[in-house]
Amino acid sequence: MVLIERLNSLSDGDHAVDLLVGEGQEAVEPLRHYLLDGKPSHIFQPRQLAVTALAGLGAKDVLIEYLYAPKEIVDPLVRFGEEAVINTAARLLAVWQTDEVFDALLHVASTQAPAGVIDALASFKRPETIELFIEALKDDFSRNAAENALKQMGEEAKSALFKILLTTQGETDKDHPSLL
């Protein structure tokens, strides 16, 4: 499909998304192939655009499949780019407030918890995510998203945070700077 190639254009990619969504379900399989079989790159915007088009087409299952797909990327620059794609997929999937989406987001968070995944999980407002958000406070890149997620959780998060404060009382900030 020629439109898929237009995703690679940084100047025309957004227009290609609109055209792909206009193609309807015929565009889902080529987009799936582009996302799942394509090679991650430090130029991640075309893959983000593919995710956006899939979300616009309602292809929740393809986005979930993408989140479950193994992503063992050695190059830190490429890994950073792919994390941006994961964040986009997570945020767009959060529109579907289903157990299937929640489980896929938890799957990603079990190995890494980038800001977009935390934002998406926070939208579910489920108490089982509180510990994950607290753990994410230790990550410089995810800290702000984790703080916001905990604020959204309200009293339940406050109780969990107080419990941590009580169990770590007496430990120095030098030993555990993330406790700040």
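**View 1. Glu-29, Arg-32 and Glu-65 are linked in a network of salt bridges.** A salt bridge here is a side-chain nitrogen of Lys or Arg within 4 Å of a carboxyl oxygen of Asp or Glu. Side chains of opposite charge can pair when their charged atoms come close. This is a predicted model: local features need pLDDT of at least 70, side-chain atom pairs count only at pLDDT 80 or more, and totals for chains, interfaces and linings use all residues. Residues are numbered from 1 along each chain as its sequence is written, and side-chain values use heavy atoms, with hydrogens and water left out. Look at Arg-32 and Glu-65: they form a salt bridge, and their closest N and O atoms are 2.6 Å apart. Arg-32 lies in helix H3 (residues 28–37) and Glu-65 in helix H5, so the pair ties together parts that are 33 residues apart in sequence. Helices are DSSP runs of H or I with at least four residues, strands are runs of E with at least two, and both are numbered from the N terminus. Arg-32 counts as partly exposed, at 22% relative accessibility. Glu-65 is partly exposed too, at 32%. (Buried means under 20% relative accessible area, exposed means over 50%, and partly exposed is in between, with a 1.4 Å probe and protein chains only.)

**View 2. A salt bridge joins the side chains of Arg-126 and Asp-99.** The N to O distance is 3.0 Å. Arg-126 sits in the loop between H8 and H9, while Asp-99 sits in helix H7, so the pair ties together parts that are 27 residues apart in sequence. Arg-126 counts as partly exposed, at 23% relative accessibility. Lys-125 is also placed in the loop between H8 and H9. Its phi is near 50°, a positive value in a residue other than glycine. Lys-125 counts as partly exposed, at 48% relative accessibility.

**View 3. Arg-143 and Asp-140 meet through their side chains.** Their salt bridge has an N to O distance of 3.0 Å. How exposed is each partner? Asp-140 is exposed, with a relative accessible area of 60%. Arg-143 counts as partly exposed, at 27%. Across the model, the count comes to 10 salt bridges.

**View 4. Lys-60 is a buried residue in helix H5.** Its relative accessibility is 17%. Which residues does Lys-60 touch, not counting those up to four places away in sequence? They are Leu-93, Trp-96, Thr-98, Glu-100 and Val-101. (Contact means heavy atoms within 4.5 Å.) The side chain of Lys-60 makes a polar contact with the side chain of Glu-100, at 3.3 Å. A polar contact is a pair of N or O atoms within 3.5 Å; within protein, one must be able to donate a hydrogen and the other to accept it, and residues adjacent in sequence count only if both atoms are side-chain atoms. For scale, Lys-60 and Ala-149 are 23 Å apart in space, C-alpha to C-alpha, and 89 residues apart in sequence.

**View 5. The largest nonpolar core has 59 residues.** Such a core is a set of buried Ala, Val, Leu, Ile, Met, Phe, Trp, Tyr and Cys residues joined through side-chain atoms within 4.5 Å. Leu-7, Leu-31, Leu-67 and Phe-133 touch the most other members. Take Phe-133. It touches Ile-118, Leu-121, Ala-122, Ala-146, Ala-149, Leu-150 and Met-153, not counting residues up to four places away in sequence.

**View 6. The whole protein comes to 11 helices and 0 strands.** Its C-alpha atoms fill a box of roughly 65 × 35 × 25 Å, taken along the principal axes. Of its 180 residues, 42% count as buried. Take the contacts between residues at least 6 apart in sequence: 61% of them join residues at least 24 apart.
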